[in-house]
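Colleague: I would like to go through this entry feature by feature. Please give the general idea each time, then the case at hand.

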Protein chains: 2
Amino acid sequence: MRGEPLDAETIVSATEEVLRRHGPEKATVVDVARLLGVSHGSVYRHFPSKVALREAVIRRWLDRVRDELTEAIAEPGLTQPERLRRLLTTMFAAKWAKARVDPELFATFRVLAIEHSAESSAHVDFLLAQVRAVVADGIASGEFAAGEPDVIARAVLGATSRFHDPKHAEDWRSTEIEADAEAVIELLLRGLRSRSDT
Amino acid sequence: MRGEPLDAETIVSATEEVLRRHGPEKATVVDVARLLGVSHGSVYRHFPSKVALREAVIRRWLDRVRDELTEAIAEPGLTQPERLRRLLTTMFAAKWAKARVDPELFATFRVLAIEHSAESSAHVDFLLAQVRAVVADGIASGEFAAGEPDVIARAVLGATSRFHDPKHAEDWRSTEIEADAEAVIELLLRGLRSRSDT
DNA sequence: AAACTGACAGATATTGACATCTGTCATTCC
DNA sequence: GGAATGACAGATGTCAATATCTGTCAGTTT
């Protein structure tokens, strides 16, 4: 009946659109099929369940976030403290912007992220690896004091959860959050630096 | 009909019990009156509204938390870094214990705390003042590097929100939280200490 | 007369009949 | 004959009728 072949990617995009319009509670597989002009049975040809479909949506969303972030921190010629600061501020700013521009959409994806905790914790693992890499480089170069990169990376992410964990999204509406984040980053960098440094 | 006169304190206790049994959604003023064996009109003699009654409950709860905390940190003869560590660990442990012993009750009080944000932020101000005092003393004694005590106290509380903010209560079920808190406190203390120290 | 009651109006919550949704699959369509 | 359909069973959600709750107050009790 329609020229374009129905593929998974198209269905995921349509699902994202339905989630955007109706929110996570009201978005149904029937809605997705309706938007695509097919029967909902066809959607089930490409995804075994509604859960799997939503999982595909959140995975794509997190993949995009990850790509944005790796691109933003790819700048060469920085010291490790500078690199860590940039990694954190970029990460925070990206989340704050999303939460502020479209709070409802952000809340929707937060619901999906909670539903699919495996995907979310894979994302956290990615962030952890990014921080860990910078910390390890900094220790190797002597810019940071010696220590276990894994433990320190966990500590850095844990200490900044107020600024990146969606649980705190409501706090991000206030502009005080920038100054608070700055103060915490400053304190953490002081704690990380080796004593011989400035 | 009954010997004991009905007073505000008794009503608040009964309300706490009803909240404990039924949860924040289902707890009604009629339930409280029923538990006390009086008509609900009598409750309204002592409290102008259901909101005011719940506010009294959360205020008493937070007052008790505050008392526990001030008692726990009243030990003399500690250095300021030691005092700060003790303040934080005591604060965290108290919350973790409550959340673990009776998660539903903890969730109930969390709902009340959100309902009555004025009471909660007064409580945060109290915690902030406690941290600020230790930080200011530490700066005065040269144990901590110079800086704005207010800014630093905010940073310390902000960096540890994962360990004290009820938003993270679910994370506290894992025993990893102890080690994570320890690592963050260590990093913060390193950042706070003046450079001439150990 | 101070403390309490219980009937009341308006607001909110619960219920249960009805509608929609999820997931399956025998059948239809290119 | 592989892709899509639509009728279906069981689960979940919706909505309007019904019940309960909040807050008031004139009247009762001690």
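Predicted model: local features only at pLDDT ≥ 70, side-chain atom pairs only at ≥ 80, totals over all residues.

Colleague: What conventions apply to the numbering and the values?

Modeller: Residues are numbered from 1 along each chain as its sequence is written, while chains are lettered from A and ligands numbered from 1 in the order in which they are written. Local features need pLDDT of at least 70, side-chain atom pairs count only at pLDDT 80 or more, totals for chains, interfaces and linings use all residues, and side-chain values use heavy atoms, without hydrogens and water.

Colleague: Through what surface do the copies meet?

Modeller: The copies meet through the same surface, because 100% of the interface residues of chain A are also interface residues in chain B.

Colleague: How should I read an aromatic pair?

Modeller: A pair of aromatic rings is described by the distance of the centres and the angle of the planes. Rings of Phe, Tyr and Trp (its six-membered ring) pair if their centres lie within 6.5 Å; planes under 30 degrees apart are stacked, over 60 edge-to-face, and the rest tilted. Over all chains, this rule gives eight aromatic pairs. One of them, W61(B) with F109(B), is stacked, at 3.8 Å centre to centre and 10° between the planes. W61(B) lies in helix α4 (residues 50–72) of chain B and F109(B) in helix α6 (residues 103–115) of chain B, so the pair ties together parts 48 residues apart in sequence. Helices here are DSSP runs of H or I, at least four residues, numbered from the N terminus.

Colleague: Are W61(B) and F109(B) buried or exposed?

Modeller: Both W61(B) and F109(B) are buried (under 20% relative accessible area; exposed is over 50%, partly exposed in between, with a 1.4 Å probe and protein chains only).

Colleague: What lies over the face of W61(B)?

Modeller: K98(B) does, at 5.8 Å from the ring centre. The rule asks for NZ of Lys or CZ of Arg within 6 Å of the ring centre and within 35 degrees of the ring normal. In chain A, the charged end of K98(A) sits over the ring of W61(A), 5.8 Å from its centre.

Definitions and conventions:
Contact = heavy atoms within 4.5 Å. Helix = DSSP H or I, 4+ residues; strand = E, 2+ residues; numbered from the N terminus.
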